[in-house]
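Please look through the sequence and the structure shown here before reading on.

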Amino acid sequence: MPAAIPAPERLRVPHQSGAPGQVRRWLRDALPDLPDEARDDLLVCATELVSNAVRHARPLPGNEVCVTYVLGPADVEVRVADGGSRTHPHVCSVNLDSAHGRGMFIVSKLSTDWGARTLGDGTQEVWARIPFR
């Protein structure tokens with residue numbers, strides 16, 4: 001019989017600038033046994049995804065963003081759901097002089113895969129899969 005897929009863990013945070021810090025603390029506490037490099041990469045990716053949701057998207061009902069992680073045998077996937085936006089997340093060409101625009105580039109380099117999907121209710125979910133190295 002195949003191993004059961006673990007249930008995702010969720011955290012809802014306010015759609016505001018302090019959300020990335022709350023998510024980092026939650027992930028650090030929830031995943032203390034994650035290899036150091038994977039945990040560091042996860043925290044960076046989660047910070048970028050949550051920051052983008054707060055900066056570029058509408059909140060979910062209740063003025064929130066929902067963050068989920070799923071721990072697999074060789075990686076951890078982080079998902080950030082928001083109320084959607086007019087734009088779709090994408091990797092920008094990196095401009096070293098700009099203070100913004102490098103988030104999805106960083107996510108693309110630290111993760112084995114990432115993507116975004118719009119659900120039927122208009123909710124958008126952006127995800128990244130971080131390997132255990």
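A residue is called buried when its relative accessible area is under 20%, and exposed when that value is over 50%. The model discussed here is predicted, and the points that follow describe what was computed from it.

**Cysteines and burial**
- C45 has a relative accessible area of 0%, so with a cut-off of under 20% this residue counts as buried.
- C66 has a relative accessibility of 8%, and therefore this cysteine is counted as buried too.
- The number of disulfides found in the model is 0.
- Of the 133 residues in the protein chain, 41% are buried.

**Overall layout**
- The protein chain contains 3 helices and 5 strands, and, read from the N terminus, these elements follow the order β-α-α-β-β-α-β-β.
- When contacts between residues at least 6 apart in sequence are considered, 62% of them join residues at least 24 apart.
- The accessible surface of the chain is about 7,600 Å², and carbon and sulfur atoms account for 52% of it.

**Strand β3 and its partners**
- Strand β3 covers residues 75–82, and because 6 of its 8 residues are buried, the strand is largely enclosed by the rest of the structure.
- Strand β2, residues 64–71, runs antiparallel to β3 and is joined to it by 6 bridges, while 3 residues lie between these two strands in a hairpin.
- Within this pairing, L71 has V76 in β3 as its bridge partner.
- Strand β5, residues 124–131, also runs antiparallel to β3, with 8 bridges joining the two, and R79 stands opposite W127 of β5.

Definitions and conventions. Residues numbered from 1 in each chain as written. Predicted model: local features only at pLDDT ≥ 70, side-chain atom pairs only at ≥ 80, totals over all residues. Heavy atoms only, no water. Buried < 20%, exposed > 50% of the residue type's maximum accessible area, 1.4 Å probe, protein only. Helix = DSSP H or I, 4+ residues; strand = E, 2+ residues; numbered from the N terminus. Pairing = 2+ DSSP bridges. Disulfide = S-S within 2.5 Å. Contact = heavy atoms within 4.5 Å. Areas by Shrake-Rupley, 256 points an atom, 1.4 Å probe, with all protein chains shown as cover.
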